[in-house]
Amino acid sequence: MIAFGCSITLPEVYELYAKPGLARAAEPDSDVLALQAAGSIFRSYNLMMDKASSLEDLEALVLVHQDAEIVDPDFCAKLRAALEDPEVAVVGCVGATGVRSIAWWEGSVTWSSMVRCYEDLRGTALAAPSANGDGRPAYAQVSTGEAPLGEVETVDGFLMALSPWTVRNVRFDEGLGRQVYGYDFDFCAQVRDAGRKVVAADLQAIHHRSSGFVADPEPWVQAYIRVAEKWEGRLPGGVGPAEEDWKQRGRRAEAQAAAARLLANSKQLQAHAGGEAHGRHLQAIAGSASWRLTEPLRRLNARRSGGDG
């Protein structure tokens with residue numbers, strides 16, 4: 001049995017997005033744990049995992065954000081295929097390799113079948129572009145539609161599917177505080193530290209969100225520092241070893257620079273999405289009956305204007 005969980009802070013958002021997606025993906029025997037948030041997302045997810053861990057027939061627990069909509073009609077079948085390898089502990093839609101921090105998009109990003117829908121830009125939907133260009137590993141270039149795209153180091157936490165081993169043996173680190181940043185990287189780091197695998201798979205989903213990533217960079221910077229301190233020197237190819245106490249200042253500068261790049265990328269995506277929305281709006285106007293009916297008048301006015309000049 002595949003169970004689903006969602007931490008709800010805005011019921012109206014859950015009703016619009018996550019709930020229809022869960023209804024679409026869930027099977028008749030699926031257990032859906034849609035619960036009011038219990039403090040931090042760490043705590044909420046841990047409570048769901050506690051509940052799911054008691055299910056004897058559990059095949060996976062899928063954790064989704066309230067603004068994430070599963071649109072894949074074969075979601076459960078694809079997830080089972082991804083979990084056929086008993087070493088796979090976490091499956092997501094989007095992942096990355098070469099990750100050094102919670103700014104995982106600066107690694108070699110594997111964008112799978114996730115689409116971002118910017119609700120503040122008339123619902124403009126864009127396939128998530130890679131923040132580092134097309135620097136994907138070779139195995140991630142083509143998706144078969146069923147098999148995992150390949151092993152990664154972390155996945156985007158808007159949708160995370162956990163194996164039964166993970167549900168019963170790993171927990172989100174509530175000691176990192178109440179911030180909402182970096183929990184996905186930290187969780188995947190715990191899984192990899194235990195010798196298990198994280199993979200990205202072709203699970204189709206839409207992330208309905210605003211076009212701005214971070215309104216206030218400081219909480220993100222603090223999360224960056226906390227997670228970096230926790231994993232410093234512990235992950236192969238990950239955060240480098242500490243040398244001296246003054247590295248704290250360097251770490252903060254590094255975090256601030258990463259936050260600045262995140263904000264810059266956000267502005268680029270806003271501009272891209274805004275252009276897409278504007279283009280669709282113009283196409284709708286040009287294709288309308290009123291536009292076609294008034295075309296002769298516009299041409300006449302244009303000739304008159306030209307004659308007066």
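I began with terms: helices and strands here are DSSP runs, numbered from the N terminus. The model is predicted.

**Entry 1: S40**

I looked up S40 and found it in the loop between strand 2 (32-36) and helix 2 (41-52). Is S40 buried or exposed? Its relative accessibility is 10%, so S40 counts as buried, the cut-off for buried being under 20%.

**Entry 2: E59**

I moved on to the loop between helix 2 and strand 3 (60-64), where E59 is found.

The side chain of E59 reaches the backbone nitrogen of M1 at 2.7 Å. The E59 side chain also makes a polar contact with the side chain of R80, again at 2.7 Å. For S163 I looked up the C-alpha separation from E59, which is 6.6 Å, although the two residues are 104 apart along the chain.

**Entry 3: helix 3**

I took helix 3 (residues 75-82) and asked which of its residues are buried. They are F75, C76, K78, L79 and A82. These residues cover an arc of only 160° around the axis, so they sit on the same side of helix 3.

**Entry 4: L235**

I found L235 in the loop between helix 6 (217-231) and helix 7 (247-286). With a relative accessible area of 9%, L235 is buried. Leaving out neighbours within four places in sequence, I recorded contacts of L235 with F185, A189 and R192. For A189 I also took the distance: L235 and A189 are 46 residues apart in sequence and 7.6 Å apart in space, C-alpha to C-alpha.

**Entry 5: the whole protein**

Last, I looked up the totals. The protein has nine helices and 14 strands. Of its 309 residues, 47% are buried. I noted an accessible surface of about 14,500 Å², with 53% of it belonging to carbon and sulfur atoms. Among contacts with a separation of 6 or more, 78% are between residues 24 or more positions apart.

Conventions: Residues numbered from 1 in each chain as written. Predicted model: local features only at pLDDT ≥ 70, side-chain atom pairs only at ≥ 80, totals over all residues. Heavy atoms only, no water. Helix = DSSP H or I, 4+ residues; strand = E, 2+ residues; numbered from the N terminus. Buried < 20%, exposed > 50% of the residue type's maximum accessible area, 1.4 Å probe, protein only. Arc of directions from axis to C-beta. Contact = heavy atoms within 4.5 Å. Areas by Shrake-Rupley, 256 points an atom, 1.4 Å probe, with all protein chains shown as cover. Polar contact = N/O pair within 3.5 Å; in protein donor to acceptor, adjacent residues only side chain to side chain.
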